[in-house]
Amino acid sequence: MGLYIEARIRADLDDLWTRTQDPSQHQRWDLRFTRIHYLPRAEGEPQRFRYATRVLPGLTVAGTGVSAGERERPDGTRTSALRFSSPHPLSLLAEGSGYWRYIPDSGGVTFLTGYDYRPRWGRLGKVADRLLFRPLIGWATAWSFDRLRLWLERGITPERALRNWLAELLVRALVVTVGCAGLGQEEFLRLFGPLAASLAYVWPLLLAVAISLALFVSPLPGTPAARRCLRQPPARVRAPRVLRTLETPR
């Protein structure tokens with residue numbers, strides 16, 4: 001089953017198009033890529049590009065892609081389709097295809113993507129893809145779309161958005177760790193003087209509330225969150241014809 005991500009962005013269509021089609025800007029907000037750049041091409045040839053993803057310090061997985069077509073309809077919607085592949089033996093993603101669609105209206109743009117790929121490593125790769133890689137890359141796509149939204153709507157740069165996310169993640173992790181371990185409980189209760197004994201009775205409840213908030217409360221408005229994106233296609237969405245007729249190489 002292919003992946004689908006949709007975000008509602010209050011921005012100008014041309015601005016969104018530039019942030020997604022310009023490789024130097026695309027690589028800033030998309031968590032899936034560390035580097036993207038166009039390859040030279042002759043007039044009339046499709047645009048090819050090279051991408052790289054830093055998996056671990058000192059380990060980068062690279063691949064190539066080609067634009068399969070762009071279309072702008074009379075109603076203002078735009079579609080960009082592509083094929084991609086990676087020959088790197090450590091890349092679970094072998095080859096695939098996908099599209100981006102832009103649906104403008106008076107309040108902004110509905111920006112969505114649909115893509116699928118063939119994993120390598122045989123049966124082991126299929127299992128790893130289904131259990132780990134596909135959910136992870138789906139989350140990374142949705143998280144990146146929301147980071148792009150924050151950049152266009154609120155002026156929060158992708159770099160700052162990442163710092164916001166890391167800081168909030170650290171705070172939540174600290175609350176859960178301290179709450180579960182009971183670290184500093186006695187020292188904290190002493191701050192309340194004669195009320196410490198009474199507060200000790202409700203302390204477990206307060207810890208449970210704090211842990212629940214850390215685990216389940218919505219991220220702050222300036223922090224990217226995959227949960228803000230639609231992850232299943234509504235009935236109105238169909239893949240562009242250029243993608244429906246595009247067979248993933250085998």
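Predicted model: local features only at pLDDT ≥ 70, side-chain atom pairs only at ≥ 80, totals over all residues.
Residues are numbered from 1 along each chain as its sequence is written, and side-chain values use heavy atoms, with hydrogens and water left out.

**View 1. The protein chain has seven helices and seven strands.** Helices (H or I, at least four residues) and strands (E, at least two) are DSSP runs, numbered from the N terminus. From the N terminus on, the order of elements is β-α-α-β-β-β-β-β-β-α-α-α-α-α. The chain holds 250 residues, of which 41% count as buried; buried means under 20% relative accessible area, exposed over 50%, and partly exposed in between (1.4 Å probe, protein chains only). A contact is a pair of residues with heavy atoms within 4.5 Å. Among contacts between residues at least 6 apart in sequence, 60% join residues at least 24 apart.

**View 2. The largest pocket has a volume of about 1,300 Å³.** Of the 45 residues that line the largest pocket, Arg32, Phe33, Tyr51, Thr53 and Ile137 are the closest to its centre. Helix α3 (residues 122-154) gives the largest share of the lining, eight residues. By type, the lining divides into 27 nonpolar, 12 polar and six charged residues. Here Ala, Val, Leu, Ile, Met, Phe, Trp, Tyr, Cys and Pro count as nonpolar, Asp, Glu, Lys and Arg as charged, and the others, Gly among them, as polar. On a 1 Å grid over the protein atoms alone, a pocket is an open set of points where a 1.4 Å probe fits, with protein on both sides within 12 Å along at least five of seven lines, and lining residues have an atom within 4 Å of a point. Grid points are joined across faces, edges and corners, and the volume is the space filled by probe spheres set on the points.

**View 3. Helix α1 (residues 13-21) has buried residues and a cap at its N-terminal end.** Leu13, Leu16, Trp17, Thr20 and Gln21 are buried in α1. Seen down the helix axis, the buried residues of α1 fall within an arc of 110°, so they line one face of the helix. The arc is that of the directions from the helix axis to the C-beta atoms. Asp12 provides the N-terminal cap, with a side-chain oxygen 3.0 Å from the backbone nitrogen of Asp14.

**View 4. Glu6 lies in strand β1 (residues 3-9), and Gly2 in the segment before β1.** Glu6 is buried, with a relative accessible area of 12%. The side chain of Glu6 makes a polar contact with the side chain of Tyr4 at 2.4 Å. A polar contact is a pair of N or O atoms within 3.5 Å; within protein, one must be able to donate a hydrogen and the other to accept it, and residues adjacent in sequence count only if both atoms are side-chain atoms. Gly2 is partly exposed at 35% relative accessibility. Leaving aside neighbours within four places in sequence, Gly2 is in contact with Tyr115, Asp116 and Arg134. Gly2 and Gly138 are 136 residues apart in sequence, with their C-alpha atoms 9.7 Å apart.

**View 5. Trp121 has a positive phi, near 75°.** Most residues other than glycine have a negative phi. Trp121 is partly exposed, with a relative accessible area of 41%.

**View 6. Val66 is found in strand β4 (residues 59-72).** Val66 is buried, with a relative accessible area of 12%. Not counting residues up to four places away in sequence, Val66 touches Pro46, Gln47, Arg48, Phe49, Leu82 and Arg83. The C-alpha atoms of Val66 and Arg83, 17 residues apart along the chain, are separated by 5.4 Å.

**View 7. Arg172 is in helix α4 (residues 158-181), and Ala208 in helix α6 (residues 196-216).** Arg172 counts as buried, at 17% relative accessibility. Apart from neighbours within four places in sequence, Arg172 is in contact with Leu213, Ala214, Leu215, Val217, Ser218 and Pro219. Ala208 is partly exposed, with a relative accessible area of 38%. Between the C-alpha atoms of Ala208 and Cys180, 28 residues apart along the chain, the separation is 8.8 Å.
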